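These are my notes on the model you sent.

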Amino acid sequence: MKSKTTLSTRLFLASSQRLLAKQSLPRIVKCLQELSEEEIWWRPNSSSNSAGNLVLHLCGNVHQWIISGLGGTEDKRERDREFAEQGPIPRQALVAQLRRTVRDACRVLARLSDDLLSRKYVIQGFHVTGLDAAFGVTEHFGYHTGQIIFITKLKRAHDLRFTRLPVIKKKKGGR
């Protein structure tokens, strides 16, 4: 018997997949393409992370929480290594790892049901619902995407043109 999936669940999961795969991922890839191999591993100070560290961290987080936590695969994450890495891991290897991680996470998200979203999980020592995990990962991914964009803007000093407001056509008569 197949678990039910409501419209709200389908909309939430589709939105989560869109934010990860269609919004944040392309922005991170563009930033990595803008930065030199050296700049990907640049840190403004010893208390900060490089764009490369943040990509590794996102891969680890998404794998642990979505692919392993909700998808049931083995969790092999070594979180401290994500931040300790100094590079150089080549840009293309980082991009490939991030793309693969997001693709695999989206596959897990696509098959979640209401029951799986409301189920309790223990992930990274936290007691959460599937909904908590999916929402948290999506928010966390967006947060670090913003940091990678900020690093890129610091190094490149130009607008990356990610934000576009829709053009609103005025109706005849000035309204």
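Which residues in α3 meet which residues in α5?

1. This is a predicted model, and the points below should be read with that in mind. On the α3 side, the contact consists of Gly52, Val55, Leu56, Leu58, Cys59, Val62, His63, Ile66, Ile67 and Leu70. On the α5 side, the partners are Leu94, Gln97, Leu98, Thr101, Asp104, Ala105, Val108 and Leu109. By class, the residues of this contact are 13 nonpolar, four polar and one charged.

2. Two packed helices are described by the angle between their axes and the distance between the axes. Helix α3 covers residues 51-70 and helix α5 covers residues 91-110; their axes come within 9 Å and cross at roughly 25°. Angles under 35 degrees count as roughly parallel, so α3 is roughly parallel to α5. The α3 and α5 crossing is left-handed.

3. Helix α5 also packs against α1, where the axes are 10 Å apart and the angle is about 175°. The cut-off for roughly antiparallel is over 145 degrees, and α1 and α5 are therefore roughly antiparallel to each other. From α1 the contact takes Leu13, Ser16, Gln17, Leu20, Ala21, Leu25, Ile28, Val29, Leu32 and Gln33. From α5 it takes Arg91, Leu94, Val95, Leu98, Arg99, Val102, Cys106, Leu109 and Ala110. The residues of the α1 contact with α5 comprise 14 nonpolar, three polar and two charged.

4. Leu94, Leu98 and Leu109 of α5 are listed in the contact with α3 and also in the contact with α1.

5. Is Ser16 buried or exposed? Ser16 lies in helix α1, residues 7-34. Its relative accessible area is 3%, and the limit for buried is under 20%, so Ser16 counts as buried. Not counting residues up to four places away in sequence, Ser16 touches Leu109 and Thr138. Leu109 is one of the α5 residues in the contact with α1.

6. Glu85 sits in the loop between α4 (79-84) and α5. With a relative accessibility of 26%, Glu85 is partly exposed. Its contacts, leaving aside neighbours within four places in sequence, are Trp41, Arg43, Asn53 and Leu56. Leu56 is also among the α3 residues that meet α5. From Glu85 to Val108 the separation is 23 residues in sequence and 28 Å in space, C-alpha to C-alpha; Val108 belongs to the α5 side of the contact with α3.

7. Arg161 is in the segment after α7 (130-156). Its relative accessible area is 53%; exposed means over 50%, so Arg161 is exposed. Arg161 and Ile123 lie 38 residues apart in sequence, and their C-alpha atoms are 36 Å apart in space.

8. For the chain as a whole, the model has seven helices and two strands. Their order from the N terminus is α-α-α-α-α-α-β-β-α. Along the principal axes, the C-alpha atoms fill a box of roughly 60 × 55 × 25 Å.

9. Of the 175 residues in the protein chain, 39% are buried. The chain exposes about 10,800 Å², and 53% of that area is supplied by carbon and sulfur atoms. Among contacts between residues at least 6 apart in sequence, 77% join residues at least 24 apart.

How values were computed. Residues are numbered from 1 along each chain as its sequence is written. This is a predicted model: local features need pLDDT of at least 70, side-chain atom pairs count only at pLDDT 80 or more; totals for chains, interfaces and linings use all residues. Side-chain values use heavy atoms; hydrogens and water are left out. Axes are lines fitted to C-alpha atoms, for helices over the stretch in contact, and angles run from 0 to 180 degrees between N-to-C directions. Helices (H or I, at least four residues) and strands (E, at least two) are DSSP runs, numbered from the N terminus. Angles under 35 degrees count as roughly parallel, over 145 as roughly antiparallel, 65 to 115 as roughly perpendicular and the rest as oblique. A crossing is left-handed if the near helix is turned anticlockwise from the far one by less than a right angle, and right-handed if clockwise. Contact means heavy atoms within 4.5 Å. Ala, Val, Leu, Ile, Met, Phe, Trp, Tyr, Cys and Pro count as nonpolar, Asp, Glu, Lys and Arg as charged, and the others, Gly among them, as polar. Buried means under 20% relative accessible area, exposed over 50%, partly exposed in between (1.4 Å probe, protein chains only). Accessible areas come from the Shrake-Rupley method with a 1.4 Å probe; for residues, only the protein chains shown count as cover.
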